[in-house]
Amino acid sequence: MNRPANANHERPLLAVRDLHTRFHVDGHAVNAVDGLSFDLRRGEVLGLVGESGCGKSMTAMSILRLVDGSPGVVGGSVLLEGQDVLGLDEAAMRHVRGGRIGMIFQEPMTSLNPVLTIGRQITEAVRLDGVSPREARERALHLLELARIAEPARRLDDYPHQLSGGMRQRVMIALALSRSPQILIADEPTTALDVTVQAQILDLLLDLRDRLGMAIILITHDLGVVAETCERAIVMYAGRKVEEGPVEALFARPLHPYTRGLLRSAPRLGRGTERGARLPEIPGMVPSPRAMPQGCRFAPRCELAQAQCAQAYPDWREREEGAAPAHAAACWRLDEDAHVL
Ligand SMILES: Nc1ncnc2c1ncn2[C@@H]1O[C@H](COP(=O)(O)OP(=O)(O)OP(=O)(O)O)[C@@H](O)[C@H]1O
Ligand code: SF4
Ligand SMILES: [Mg+2]
């Protein structure tokens, strides 16, 4: 890859700025992602967390320009090493999608073709980079080994339905790594798996990050997964970022009432056996995108809501100005309640 060895350390690998993704449903505009901005640094594992319907998958799909539906991404930029992928033509985008950014989809069967062998699927992906059939097979074997699949040579001839859930997930990881991406986006990579296999897959992802140096965006509803895997996390609510910070600070001193609600009712964190529980119940529901509250979107569920909250969307404020990495949230009552859990 044509990059200076010591590129500017300050520049994030990926910079998402003011991303807007919209759909039209029954004549109404639905904002699935609404003004989202964040940075991903080289080699970091960034969590994207929030309840169902908060826009996590849509964020991933928007970054890869895979949004299915009209109008899709309507604003903002997705800068990969400074270049906006939203402005690339489709040929250049194919180099980014699967090439520089690998993706593990939330629905396993979205990535695996049931009628092709594992070997065929991986070699086809590898061959997009122009390698010979023999090299492609060797690389497929190497990728299955990297993904810690036992007897990889034998597995090459298997079809997806012949594999266990955990093994299928490993094959998806191998596929996502097939073109040596700089970034891996993993959307709920362990949700469907039992606890032991979950732990193995997360361990594998971290090991691959260390060995290959790629950055990971880990999308999950599971705070236990975030605690054990991520360095920083972004909490999304109703299409917006409500809090962001280093995981330790986020868990020890959450700023936003939504984050506190998630943590308060989560199973005790940090114990492998409890990972995998569904997100805890906060009274009420994520608002329908068709009926978004005017001001703070969490106001209808927030026990701290006051008149101001319903009138205007809160500013984004940092706990400590200039601290790096920043810990910040969007809440009118940040100062008063910052230490209450
Ligand atoms: N094709 C579509 N047309 C209209 N609305 C859509 C479409 N796809 C997603 N949405 C809406 O966008 C919002 C965000 O959905 P998204 O799939 O990103 O949520 P999520 O955070 O990934 O949830 P989950 O945890 O359930 O996977 C939801 O309100 C969803 O209903
Ligand atoms: S802005 Fe108001 S309603 Fe929103 S989270 Fe903060 S206190 Fe609650
Ligand atoms: Mg999703």
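Trainee: Which element gives the most to the shell around ligand 1?

Mentor: Helices (H or I, at least four residues) and strands (E, at least two) are DSSP runs, numbered from the N terminus. Here α1 gives the most, with three residues. This is a predicted model, in which local features need pLDDT of at least 70, side-chain atom pairs count only at pLDDT 80 or more, and totals for chains, interfaces and linings use all residues. Residues are numbered from 1 along each chain as its sequence is written, while chains are lettered from A and ligands numbered from 1 in the order in which they are written.

Trainee: How many residues surround ligand 1?

Mentor: A residue is near a molecule if its C-beta atom, placed from the backbone, lies within 6 Å of it. Ligand 1 is surrounded by 17 residues, and the closest are Ala32, Ser52, Lys56, Ser57 and Met58. Two or more residues come from each of β1 (14–25), β2 (28–40) and α1 (56–63).

Trainee: Is Arg41 buried, exposed or partly exposed, and why?

Mentor: A residue is buried if 20 or more other C-beta atoms lie within 10 Å of its own, exposed if 12 or fewer, and partly exposed in between. Arg41 counts as partly exposed because it has 16 C-beta neighbours inside 10 Å. Arg41 is in the loop between β2 and β3 (45–49).

Trainee: What is the mean pLDDT of the protein?

Mentor: pLDDT is the predictor's confidence in each residue, from 0 to 100. The mean is 89, and 91% of residues reach 70 or more. Over residues 1–8, pLDDT stays under 50. Where pLDDT is low, the predicted coordinates should not be read in detail.

Key:
Contact = placed C-beta atoms within 7 Å.
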